[in-house]
Amino acid sequence: MTNDASDRLKALLAPEEAARVQSLRLADGRVTIVLDAAGMDARARTMLEASVTQALQAASGVSEVRVALMADKADADKAGAPQGAKPVQRIIAVGSGKGGVGKSTVAANLAVALSRAGRKVGLVDADIYGPSQARLLGTEGQKPVAHDNRLVPVASRWGVPVLSMGHLSDPGQAIAWRGPMASGALTQLLEGHWDDAEILIVDLPPGTGDIQLTMLQKFKPAGAVIVSTPQDLALIDATRAVELFEKGGVPVIGVVENMAGYICPHCGEVSDPFGTGGAEACAKSMGTPFLGRIPLDIAIRRESDAGTPPAAGDGPQAGAFADLARKVADWLDTN
Ligand code: ADP
């Protein structure tokens, strides 16, 4: 957007509102505006959001307005807002052919396991259909602030800072990010203050849409990890995801089989409700490395829902994620 368009829109705001603008983008008739809501209580924030939305919606050429309110800057400084900007070294995209295969769970736990192994890791939740990383890392309710027009990632207890699509919209609000809007949001997340991260894990939405294309073209991941369950249908979709990355020139580090063998919480016996080994065979047929199996384990779901990633604990699940992290780290060190 030109500065003219930005200034024109800003001029529609009351001066005290305009003073809070951290960034303002207009693309395809949709405005994304980030406001500094430092020191405002919930009621004042709601009124600010409503007033800004109303003012901008009335502007010619604007069909949709999305407002993100950022918390106190002092909070960000306390959380260790990094100084200066250094480019992110390596991006690892975590993708899947379809939803519900545990891609977000694997992305979160891979990030935590890499951090536990001494790597400096950040996590970007680019899953526009169901951002879940705030819940998985136990940072729900925390909002990033903007600093020099860039978002400062939210710190988590696991040494992994995070920025999420969920941070750019209100919780519970149905998200209809499309096309350039979705890509713009992804750009804001990836261009945040990631200065300290040597590895950035990006949890992509399932499938092969705009976000994936922006990711490939604009941010060139160093490599991709594809998550699949062992069922045939999931594997067909996983094959498409592998092809998408390879065609885009992004090497696929490998395929992870998730929910691969059910561990009975009572007797510890392992059974295979979805079969097992499908992803390994599928990876082999595509000439893609197989990165291992994560069992279907009620503890993984329970701990994930509670915001305590199993990779941070000392149960057997932590070992599976540590294994995966070691393979990914080795790949990064040699590629
Ligand atoms: P996706 O990102 O592919 O849509 P999620 O990571 O959100 O999938 O996982 C979907 C659901 O499955 C969540 O409730 C999650 O806790 C659960 N889940 C994921 N992996 C496992 C696993 N290995 N064992 C048990 N539950 C799992």
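How do the residues of the shell around the ligand divide into nonpolar, polar and charged? In this predicted model, the shell consists of six nonpolar, six polar and three charged residues. In total, 15 residues surround the ligand, and the closest are Gly100, Lys103, Ser104, Thr105 and Pro295.

A polar backbone atom of Lys103 is placed 2.8 Å from an oxygen atom of the ligand. For Thr105, a polar side-chain atom is found 2.5 Å from an oxygen atom of the ligand. A nitrogen atom of the ligand lies 2.9 Å from a polar side-chain atom of Asn258. The ligand taken alone exposes 560 Å², of which the protein buries 82%. Two or more residues of the shell come from each of helix H5 (103-116), strand E11 (252-263), strand E13 (290-296) and helix H11 (298-305).

The ligand takes up the space of the largest pocket, which holds about 450 Å³. The lining of this pocket comprises 27 residues, and those nearest its centre are Gly100, Gly102, Thr105, Asn258 and Met259. At least two lining residues are supplied by each of H5, helix H6 (133-136), E11, E13 and H11. The greatest contribution is that of H11, with five residues. By class, twelve residues of the lining are nonpolar, nine are polar and six are charged.

Methods. Residues numbered from 1 in each chain as written. Predicted model: local features only at pLDDT ≥ 70, side-chain atom pairs only at ≥ 80, totals over all residues. Heavy atoms only, no water. Near = heavy atom within 4 Å. Polar contact = N/O pair within 3.5 Å; in protein donor to acceptor, adjacent residues only side chain to side chain. Areas by Shrake-Rupley, 256 points an atom, 1.4 Å probe, with all protein chains shown as cover. 1 Å grid on protein atoms, 1.4 Å probe; cavity = no way out; pocket = protein on both sides within 12 Å on 5 of 7 lines; lining within 4 Å. Sits in = over half its atoms within 2 Å of the grid points. Helix = DSSP H or I, 4+ residues; strand = E, 2+ residues; numbered from the N terminus. Nonpolar A, V, L, I, M, F, W, Y, C, P; charged D, E, K, R; others polar. Points joined across faces, edges and corners; volume = space filled by probe spheres on them.
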